[in-house]
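Please look over the model shown here. Some questions follow on the terms used to describe it.

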Amino acid sequence: MAIFRDKQDFNQRERLIRITDKYYKQIKEKEAGDYYLEEIYRWPTDVIEFDGKLGIIVPIYKPKFFFKKGYVSSDLIKGEEKNGKWFAGAKFRNKKFPLSLDESELGNWMSYFQVSVNIARGVKKMHSMGLSHSDLSYNNVLVDPVSKSACMIDLDGLVVPGLFPAEVIGTADFIAPEVLATKHLNKSDPNRKLPKRETDLHALACLIYMYLLHRHPLKGGKVHDLDTEKDDLLSMGEKALFIEHPSDKANRPKLDQVSKWDLFWADVSQLPYTITGPYLKTLFDKAFIDGLHNPMQRPTADEWEQALLKTTDLMQPCSNTACEQKWYVFNNTNKPKCPFCGTYHQGTLPVLDLYYQFKPAVWKPENHRLMVYHNQYLFQWHVNRNIIRNEKLTDAQKVPLGYFTFHNGKWVLVNQKLTSLKDLTEDKLIPINSMVELTDGKRLLLSNEEGGRVVLITMANK
């Protein structure tokens, strides 16, 4: 239960009532409502009045969102909530930093992809209801990398476009450039830009970039004004420039000015944003180049969700057991290696390109690739393009249909539940409880149902 310090006017009261009644019911009664209310949001459920002031009732946070250990060197934050800020920056994950977080609470690189998926889904749902957050930042997200969870909090400030204007412009580092560039104008000025759907999409892109790369996409080495406050306003607003802009390198981080605790992740020459793979690279370009000063060009939350999930299909476990990140995205080279520890992949690597039936006997590539690793599962969303990997999946759709393994010196797919798996290259069916070897150039029909896919196998790192 939280009581507002200041008295709320009629519009604010009406906004809170709508959030806790109309929009709460709209989530609860729709498909995947329990998923959103249990996993993605701590959504206010009621409005109360106490001593002449308004308040709200919000579900308590789940135990996983509180630190079990906290700092390595002390237990000062043990028991405190896992505010997203702890996991976005670099220094708290640097083992030499005096206040580094315990390794057991940091997760690995794969963890932050699912964390980002959850945040993207939260934004997607809000936007589908006509709402915008207005203050999306790491302060309003709880993160648990161990369980790969993220939950959006402090949702009492949601904006209902056209009805209730934003009351805050956001949190520093996540405010969209157009909002900062016009903040000097009166709110009634038609040229003043206030938080809305497109400004949420800027904040979402910043969050995803920071959770995967642990640096800010706009905070580089370029100085616009000797006055620090003016410089911040320009560098994040009117003069904002992506630190990894491919042609304008004026805002590249200057490593001699970067804190030694942040240095590993700050070096964009060693860990460029391209290590996140082709799908995310495309969206980061849209967010921080095309859409930085043109809000309508920014990727939607749904685009981010799908790109993040497709990227997890490109990931490989690092063979170096001491690697802190444990996973990396296959970079489509002849000699793939982990960008974090420099360890090269050992042995052959099956690459499965997915194809769909454009018309009878005509198959087209889907721009979707599945990288294989030992004991990796094959799911329905790989087998059939009509099964979309999102929050609406049923329990039955989450059951693996087969798995890949390295057996007797060969890569094989073990068929567990695929009723029409066929080796098209050798023209023979692969019955359930049998296996098929993965070889260069082989074609497999995963399903003959409507939407069923064919995969073309390429053996990389030969």
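This is a predicted model: local features need pLDDT of at least 70, side-chain atom pairs count only at pLDDT 80 or more; totals for chains, interfaces and linings use all residues.

Residues are numbered from 1 along each chain as its sequence is written, and side-chain values use heavy atoms, with hydrogens and water left out.

Q: Why is glutamate 305 called buried?
A: Glutamate 305, which lies in helix 10 (helices are DSSP runs of H or I with at least four residues, strands are runs of E with at least two, and both are numbered from the N terminus), has a relative accessible area of 0%. Buried means under 20%, exposed over 50% and partly exposed in between, with a 1.4 Å probe and protein chains only, so glutamate 305 counts as buried.

Q: Which residues are in contact with glutamate 305, leaving aside its neighbours within four places in sequence?
A: With contact taken as heavy atoms within 4.5 Å, the residues are Val117, Ala120, Arg121, Lys124, Arg389, Asn390 and Glu391.

Q: What makes helix 1 roughly perpendicular to helix 2?
A: Helix 1 (residues 10-28) and helix 2 (residues 33-40) pack at an angle of about 115°, with their axes 6 Å apart. Axes are lines fitted to C-alpha atoms, for helices over the stretch in contact, and angles run from 0 to 180 degrees between N-to-C directions. Under 35 degrees counts as roughly parallel, over 145 as roughly antiparallel, 65 to 115 as roughly perpendicular and the rest as oblique, and therefore the pair is called roughly perpendicular. Tyr24, Ile27 and Lys28 of helix 1 meet Gly33, Tyr36 and Leu37 of helix 2 in this contact.

Q: What lines the largest pocket?
A: A pocket is an open set of points on a 1 Å grid over the protein atoms alone, where a 1.4 Å probe fits and protein lies on both sides within 12 Å along at least five of seven lines; lining residues have an atom within 4 Å of a point. The largest pocket holds about 1,100 Å³ of space, and of its 38 lining residues, the closest to the centre are Asp173, His216, Lys219, Gly220 and Asp262. Helix 7 gives the most to this lining, with six residues.

Q: Which residues lie nearest the centre of the second largest pocket?
A: Gln114, Leu309, Phe379, Trp381 and Arg389 do, among 26 lining residues, and helix 4 supplies the largest share of that lining, five residues.

How values were computed. Grid points are joined across faces, edges and corners, and a volume is the space filled by probe spheres set on the points.
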